[in-house]
Amino acid sequence: MARGSGLPNQARSLLEVFTDLRRAGVTLRSVADDAFVTNQMLVGVASEMAHKYSADLAAHVKRGMQAQFDRGERLGGPVPEGYLLKAGIENERATREYVIDGERAPIIRRAVELALDGLGSGAIARRLNQEGHRLKSGKLWNRRRVHYMLSNPFYAGRVAMFRGTDREQVQVGTWPPLIDPDVFDRIRRMMAARGDKRAGVGRPTTRYALAKLATCGRCGARMYAMTSPYKRKDGSHQRSYVCANANESADLCDQPKLDAAKIDASVVDHLNRLFVDFEAWMAALASSMGKQRARMEAGCGRLLDEVTKIQRREAKLRARYIDVLDAPAETAAFEAYQHVLKEREAVQEQLRALQEAVGGRTGSTAG
């Protein structure tokens, strides 16, 4: 919970956390060291132990990184584009060796040629995409990836420590260079003279409703949210959705920029209509279901009345049929009697279906 000593620019000490929580009426508990965080006298000891552990751990990490740097070993991270990592065990010790990827190396060298011709990182990315080159992951090249590659000392066979700071240290690495060190230094000077700086990673945008959601309707690529640096007279900036393929290379997609203000307004308006008053909707639904059930129950009642009328007609026709059983009119009486039986069966079938829909029997039918 706390690794600092409480001094400026450090994390809060455990004693500070304990005091703040206690002032708010909260008890601090610990699974492993409960006695240290519940006893006011011992919590100061625990705070010093936590701070010492953090300081020792940081010192160990720094010493390990310095030892790796002195041996010319890479300090970690994903395998750079154009290289392969071969891991193994030698003399019961794990080994890591970086070798040049024969399939990907020509793409890196092509980017170096374009850089020597004076192209910037964005122009190099567009040219690589136009020529059909892709990253190992299959994605398009972009300015960020090209700049990272052309400014990363690893490609010159060097390992860098505290890269990009005043304390930066560079050492010859243990892997073969993919870019000649002299050429790499020349490209670095050209980039510095041109003012080509590394693209930073900013905060996630909150001004676009479809940020990281929209895709291009023409090619299926991701749509980027872009804000124009030009300031309008009213103080606003043009906001657009731009297809990644159209942005990196016009040959891959011809989707023009889309006005984000209009699109976002339509999306928000749709969402406002989509999310209705839930309680009111439930009340209306319950009322509608109640009315529907009442209509169904009324229908059951009408069918029961009709069944009763048919039963009375059936009894009369049965008696008439028995009276004229031996008379010439026997056939007509029999047909009338059969017709009533079929009518009663049909009405009873409708009644059963309606009663099941209502959820229970509202009456009984005579056999």
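The model you have open is predicted.

**Stop 1: the aromatic rings**

Start by showing the side chains of Phe, Tyr and Trp. Across the whole structure there are seven aromatic pairs. Select F154 and Y155: their ring centres are 6.4 Å apart and their planes stand at 85°, so this pair is edge-to-face. Both residues are buried.

While F154 is on screen, bring in R74, whose charged end sits over the F154 ring at 5.0 Å from its centre. For another charge over a ring, go to R167, which lies over the face of F162, 4.0 Å from the ring centre.

**Stop 2: the hairpin of β1 and β2**

Keep Y83 selected and switch to a cartoon view. Strand β1 covers residues 83-90 and strand β2 residues 93-100; the two pair in the antiparallel sense over eight bridges. Y83 has I100 as its bridge partner in β2. At the turn, two residues lie between the strands, and N91 takes a positive phi near 55°.

**Stop 3: strand β6 and its partners**

Next, select Y208 and Y241. These rings make an edge-to-face pair, with 5.6 Å from centre to centre and 70° between the planes. Y208 belongs to the loop between α7 (181-194) and β5 (223-231), while Y241 belongs to strand β6 (residues 237-243), so the pair ties together parts that are 33 residues apart in sequence. Y208 is buried at 7% relative accessible area, and Y241 is buried at 2%.

Stay with β6, where five of the seven residues are buried. With β5 it pairs in the antiparallel sense over six bridges, and K231 stands opposite H237 of β6. Five residues separate the strands of this hairpin, and G235 takes a positive phi near 90°. β6 also pairs in the antiparallel sense with strand β7 (residues 258-259), over two bridges; look for S240, whose bridge partner in β7 is D259.

R239 is in strand β6 and is buried, with a relative accessible area of 14%. Beyond its neighbours within four places in sequence, R239 has contacts that include R207, Y208, M226 and L258.

**Stop 4: the salt bridges**

Finally, colour by charge. The count of salt bridges comes to 12. Begin in helix α1 (residues 14-23), where R23 and D20 are three residues apart, about one turn of the helix. Their closest N and O atoms are 3.2 Å apart in a salt bridge. R23 is exposed at 63% relative accessible area, whereas D20 is partly exposed at 30%.

Move on to helix α3 (residues 43-70) and pick D56 and K52, four residues apart. Here the closest N and O atoms of the salt bridge are 2.8 Å apart.

Then select K136 and D101, which meet in a salt bridge at 3.9 Å, N to O. This pair links distant parts of the chain, 35 residues apart: K136 is in the loop between α5 (121-130) and α6 (143-151), and D101 in the loop between β2 and α4 (105-116). K136 is exposed, at 52%, but D101 is buried, at 8%.

Terms used: Residues are numbered from 1 along each chain as its sequence is written. This is a predicted model: local features need pLDDT of at least 70, side-chain atom pairs count only at pLDDT 80 or more; totals for chains, interfaces and linings use all residues. Side-chain values use heavy atoms; hydrogens and water are left out. Rings of Phe, Tyr and Trp (its six-membered ring) pair if their centres lie within 6.5 Å; planes under 30 degrees apart count as stacked, over 60 as edge-to-face and the rest as tilted. Buried means under 20% relative accessible area, exposed over 50%, partly exposed in between (1.4 Å probe, protein chains only). A charge sits over a ring if NZ of Lys or CZ of Arg is within 6 Å of the ring centre and within 35 degrees of the ring normal. Two strands pair if DSSP finds at least two bridges between them. Contact means heavy atoms within 4.5 Å. A salt bridge is a side-chain nitrogen of Lys or Arg within 4 Å of a carboxyl oxygen of Asp or Glu.
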